[in-house]
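Trainee: Could we go through this structure together, one question at a time?
Mentor: Happy to, so let us bring it up.

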Amino acid sequence: MIRATPTEVVADFYPALMNHDKLSALHVLDPVPTAILVGDRDWLTPPDHSKAIAAALPKAQLTEVPDTSHLIQLERPGVVNDALRDLLKRVEL
């Protein structure tokens, strides 16, 4: 999808994306049980970003997966499924 997007559109959108304060918007998820998964080798959304999100969300459960990059759901589907099962159990309570 990104490859199909014209370069000028990406270039116009990029400054807004970089200036958006994502952490300040997280408070709306405070009451929501949340699962955060990140590969320890993810260079696109590094573990430090996920750790900041987890710190901002009191009900978040962070799972950092060793030897995994950005496509965690394809690289480690079992870990993702386990995290989703745990999340569903926490929601049922």
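Trainee: In which loop is the place of T68?
Mentor: This is a predicted model, where local features need pLDDT of at least 70, side-chain atom pairs count only at pLDDT 80 or more, and totals for chains, interfaces and linings use all residues. Residues are numbered from 1 along each chain as its sequence is written, and side-chain values use heavy atoms, with hydrogens and water left out. Helices (H or I, at least four residues) and strands (E, at least two) are DSSP runs numbered from the N terminus. On that basis, T68 sits in the loop between β2 (60-65) and α3 (72-75).

Trainee: Is T68 buried or exposed?
Mentor: Buried means under 20% relative accessible area, exposed over 50%, and partly exposed in between (1.4 Å probe, protein chains only). T68 has 0% relative accessibility, so T68 counts as buried.

Trainee: Which side chain does a polar contact join to that of T68?
Mentor: Contact means heavy atoms within 4.5 Å. Leaving aside neighbours within four places in sequence, T68 is in contact with G39, D40, R41, D42, E75 and R76. A polar contact is a pair of N or O atoms within 3.5 Å; within protein, one must be able to donate a hydrogen and the other to accept it, and residues adjacent in sequence count only if both atoms are side-chain atoms. At 3.4 Å, the side chain joined to T68 in this way is that of R76.

Trainee: With which residue does R41 meet in a salt bridge?
Mentor: Side chains of opposite charge can pair when their charged atoms come close. A salt bridge is a side-chain nitrogen of Lys or Arg within 4 Å of a carboxyl oxygen of Asp or Glu. For R41, N to O is 2.9 Å, and the partner is D67.

Trainee: How many residues apart are R41 and D67?
Mentor: R41 is exposed at 54% relative accessibility, while D67 is partly exposed at 43%. R41 is in the loop between β1 (34-39) and α2 (47-56), and D67 in the loop between β2 and α3. The pair links distant parts of the chain, and the separation is 26 residues.

Trainee: Which parts hold E64 and K51?
Mentor: These two form a salt bridge, with the closest N and O atoms 3.5 Å apart. The pair ties together parts 13 residues apart in sequence, because E64 lies in strand β2 and K51 in helix α2.

Trainee: About how many helical turns separate D82 and R85?
Mentor: D82 forms a salt bridge with R85, and their closest N and O atoms are 3.0 Å apart. D82 is partly exposed, with a relative accessible area of 44%, and R85 is partly exposed at 47%. Because they are 3 residues apart in helix α4, the separation is about one helical turn.

Trainee: What pattern does the chain follow along the sequence?
Mentor: The chain has 4 helices and 2 strands. Read along the sequence, their order is α-β-α-β-α-α.

Trainee: What share of the 93 residues in the chain is buried?
Mentor: The C-alpha trace spans about 45 × 30 × 20 Å along its principal axes. Within the chain, the buried share of the 93 residues is 17%.
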